[in-house]
Amino acid sequence: MTIDDGRAVRVQAPTAKRPSQLKGGLSAFDRFATAACGVASRATFFAFCVLLVAVWLPSFVVLPSLDSWQLLINTVTTIITFILVALLQNTQARANAAVQHKLNAVADALADLMGELGDEHPRLCRHRAELTAAVGLEHHVSASE
């Protein structure tokens with residue numbers, strides 16, 4: 001975009017996908033991850049974890065050695081943690097993508113409004129160009145920049 005004497009060349013805004021334009025649904029894994037996230041975020045899951053530790057504590061009497069006793073809880077908690085991290089990461093990534101789509105749609109609509117008012121307020125054209133450049137920025141800029 002160039003600005004000469006307060007007049008601006010209009011920039012075509014990148015098309016942001018609006019929620020109504022998104023097609024498809026969740027895969028079986030995504031539905032399972034969402035359900036698992038719902039279960040893991042409840043107080044009952046926390047109570048189950050506390051109960052698991054409470055049942056494990058006195059089990060050292062039954063197990064033949066202290067090493068077996070520690071290995072049992074370490075194995076169970078490592079497996080549960082590994083699976084939950086994968087499921088929760090999936091859910092978080094989808095939630096972040098959904099928020100980003102919504103922000104892009106809002107920015108796209110605001111850029112359209114700024115374009116409509118650009119003739120009356122020339123400074124809006126510069127701001128509109130910056131806004132349209134920001135749509136989709138998450139795909140082009142590193143998080144460390």
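The following questions and answers go through a predicted model of one protein chain.

Residues are numbered from 1 along each chain as its sequence is written. In this predicted model, local features need pLDDT of at least 70 and side-chain atom pairs count only at pLDDT 80 or more, while totals for chains, interfaces and linings use all residues; side-chain values use heavy atoms, with hydrogens and water left out.

Reader: What pattern does the chain follow when read along the sequence?
Author: Helices (H or I, at least four residues) and strands (E, at least two) are DSSP runs, numbered from the N terminus. The chain has 4 helices and 2 strands. Read along the sequence, their pattern is β-β-α-α-α-α.

Reader: What share of the residues in the chain is buried?
Author: A residue is buried under 20% relative accessible area, exposed over 50%, and partly exposed in between (1.4 Å probe, protein chains only). The chain has 145 residues. Of these, the buried share is 20%.

Reader: How much of the accessible surface belongs to carbon and sulfur atoms?
Author: Accessible areas come from the Shrake-Rupley method with a 1.4 Å probe, and for residues only the protein chains shown count as cover. For this chain the accessible surface comes to about 10,700 Å². The part belonging to carbon and sulfur atoms is 66%.

Reader: Is helix 1 roughly parallel or roughly perpendicular to helix 3?
Author: Two packed helices are described by the angle between their axes and the distance between the axes. Axes are lines fitted to C-alpha atoms, for helices over the stretch in contact, and angles run from 0 to 180 degrees between N-to-C directions. Helix 1 (residues 28-40) and helix 3 pack with axes 9 Å apart, at an angle of about 105°. Angles under 35 degrees count as roughly parallel, over 145 as roughly antiparallel, 65 to 115 as roughly perpendicular and the rest as oblique, so helix 1 is to helix 3 roughly perpendicular.

Reader: Which residue forms a salt bridge with Asp 30?
Author: A salt bridge is a side-chain nitrogen of Lys or Arg within 4 Å of a carboxyl oxygen of Asp or Glu, and the whole structure has 2 of them. Asp 30 is buried at 15% relative accessibility. Its partner is partly exposed at 23%, and the closest N and O atoms are 3.5 Å apart. The partner of Asp 30 is Arg 94.

Reader: How far apart in sequence are the parts that Asp 30 and Arg 94 tie together?
Author: Asp 30 forms a salt bridge with Arg 94. Asp 30 lies in helix 1 and Arg 94 in helix 3, so the pair ties together parts whose separation in sequence is 64 residues.

Reader: About how many helical turns separate Glu 130 and Arg 126?
Author: The side chains of Glu 130 and Arg 126 meet in a salt bridge, with 3.7 Å from N to O. Glu 130 is partly exposed at 48% relative accessibility, and Arg 126 is partly exposed at 35%. The two are 4 residues apart in helix 4 (residues 123-134), so their separation is about one helical turn.

Reader: Which residues does Leu 131 touch, not counting those up to four places away in sequence?
Author: Leu 131 is in helix 4. Leu 131 and Ala 107 are 24 residues apart in sequence, with their C-alpha atoms 6.7 Å apart in space. The residues touched by Leu 131 are Ala 107, Leu 110, Ala 111 and Met 114.

Reader: Is Val 61 buried or exposed?
Author: Val 61 is in the loop between helix 2 (43-56) and helix 3 (66-117). With a relative accessible area of 65%, Val 61 is exposed.

How values were computed:
Contact = heavy atoms within 4.5 Å.
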